[in-house]
Amino acid sequence: MQTLTEKKLSLYNTINQMNTPTNYQIPLNEFYLTHNIECLKSAVELYHISSSARDYDFPLDLSDALKSVLISGEYGLEEVNLLILLRLDFNNSLFKESEFINILHNLLATIKQNIYATKSFGDLSAAQQSNVYYNQSLALRFTFCALASIKSIGKANHYAPLLSQVIHLNREATYPSRFLYCFASQKLIKISEQYLLEAPSYQQEYATFRNALFTFYPDNYKKALENLDYDLFSDNFCETTISYEMKNAYQQYIDKQKIN
């Protein structure tokens, strides 16, 4: 299997020199022409396999295609899934800071519009509801994790209000009881805010939260779930997701808000 993987990867070292015919149903050299998100996701996964680094040195044409899709426009479930697949911290090599902030602002604008619109949606099919609620919860968690990862004191102070907006939108979201993942995601951000504000009960609440989630999964799945990126099960999720700098900046921001 390893040999087959290496042979496959060697065909795609550069996008413009791909051998033909290809085993893929849609050749990956078409992704930057069609901007088809499934093709983009396939290309990103391919480069994840070929690199052990967290911040990937994508080829220029793939980078340009990702920017074209993600910097402008509204965000549906597929765009949010693509962002999560990229596993981006705040300081990443793919987007300049101004570009990444533009993405986060667009995400939040879409979520805000989406949350307020759900109150007047009327009857929706189960598939439509899945799109609406998963888009909200995934986007909120992605934005929270991206902002919480800031390790510069100056930037953390500057973007603490934006993190506060994410937390506020998380409170506004209302998920039907059958959407367990969305409920869990919402709860996780609430517990993370307690960690940001040094609430003494956050560790106990998080332990209770993890134990409750584990009751839904067989024992043989638990180890795999704990190793996933952006998962709900890591033992020290808050400590590893939220930087010391952002923790201090958020606390100072909230303290100033209380004074004013």
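The model is predicted, and local features were taken at pLDDT of at least 70, side-chain atom pairs at pLDDT 80 or more, and totals for chains, interfaces and linings from all residues. Residues are numbered from 1 along each chain as its sequence is written, and side-chain values use heavy atoms, with hydrogens and water left out.

The secondary structure of the protein chain consists of 13 helices and 0 strands, where helices (H or I, at least four residues) and strands (E, at least two) are DSSP runs numbered from the N terminus. Along the sequence the pattern is α-α-α-α-α-α-α-α-α-α-α-α-α. Of the 260 residues in the protein chain, 46% are buried; buried denotes under 20% relative accessible area, exposed over 50%, and partly exposed the range in between, computed with a 1.4 Å probe on protein chains only. Among contacts in the protein chain with a separation of 6 or more, 69% join residues 24 or more positions apart, a contact being defined by heavy atoms within 4.5 Å.

Two helix pairs were examined for their packing. Axes are lines fitted to C-alpha atoms, for helices over the stretch in contact, and angles between N-to-C directions run from 0 to 180 degrees. Helix H6 (residues 97-118) and helix H8 (residues 153-172) pack at an angle of about 20 degrees, and their axes lie 10 Å apart. H6 is therefore roughly parallel to H8, on a scale that takes angles under 35 degrees as roughly parallel, over 145 as roughly antiparallel, 65 to 115 as roughly perpendicular and the rest as oblique. The two helices H6 and H8 cross in a left-handed sense; a crossing is left-handed if the near helix is turned anticlockwise from the far one by less than a right angle, and right-handed if clockwise. From H6, the residues Glu97, Ile101, His105, Leu108, Ile111, Lys112, Ile115 and Tyr116 meet Lys155, Tyr159, Leu162, Gln165, Val166, Leu169 and Glu172 of H8. This contact of H6 with H8 comprises 9 nonpolar, 2 polar and 4 charged residues, with Ala, Val, Leu, Ile, Met, Phe, Trp, Tyr, Cys and Pro counted as nonpolar, Asp, Glu, Lys and Arg as charged, and the others, Gly among them, as polar.

Helix H9 (residues 180-196) packs on helix H10 (residues 202-214) at an angle of about 160 degrees, with the axes 9 Å apart. H9 is therefore roughly antiparallel to H10. The crossing of H9 with H10 is left-handed. On the H9 side the contact is made by Ala184, Lys187, Leu188, Ile191, Gln194 and Tyr195, and on the H10 side by Tyr202, Glu205, Tyr206, Phe209 and Leu213. By class, the contact of H9 with H10 has 8 nonpolar, 1 polar and 2 charged residues. The loop between H9 and H10 contains Glu198, which has phi near 60 degrees, a positive value in a residue other than glycine. Glu198 is exposed, at a relative accessible area of 54%. A positive phi, near 55 degrees, also occurs at the non-glycine residue Arg87, located in the loop between helix H5 (77-86) and H6.

The largest nonpolar core has 72 residues, and those with the most contacts inside it are Leu66, Leu70, Phe100, Leu107, Phe144 and Leu147. Such a core is a set of buried Ala, Val, Leu, Ile, Met, Phe, Trp, Tyr and Cys residues joined through side-chain atoms within 4.5 Å. Helix H7 (residues 126-148) supplies the largest share of this core, 11 residues. With neighbours within four places in sequence left aside, Leu66 contacts Leu40, Val44, Phe58, Leu82, Leu86, Leu94 and Phe95.

Asn170 lies in helix H8 and is buried, with 2% relative accessibility. Beyond four places in sequence, Asn170 is in contact with Leu140, Gln186, Ile189 and Lys190. The C-alpha atoms of Asn170 and Gln136 are 8.8 Å apart, at a sequence separation of 34 residues. Gln136 is also touched, together with Val132, by Asn114, again not counting residues up to four places away. Asn114 belongs to helix H6 and is buried, at a relative accessible area of 16%. Ser42, in helix H3 (residues 37-49), is partly exposed, with a relative accessible area of 26%. Ser42 and Leu82, 40 residues apart along the chain, have C-alpha atoms separated by 9.9 Å.
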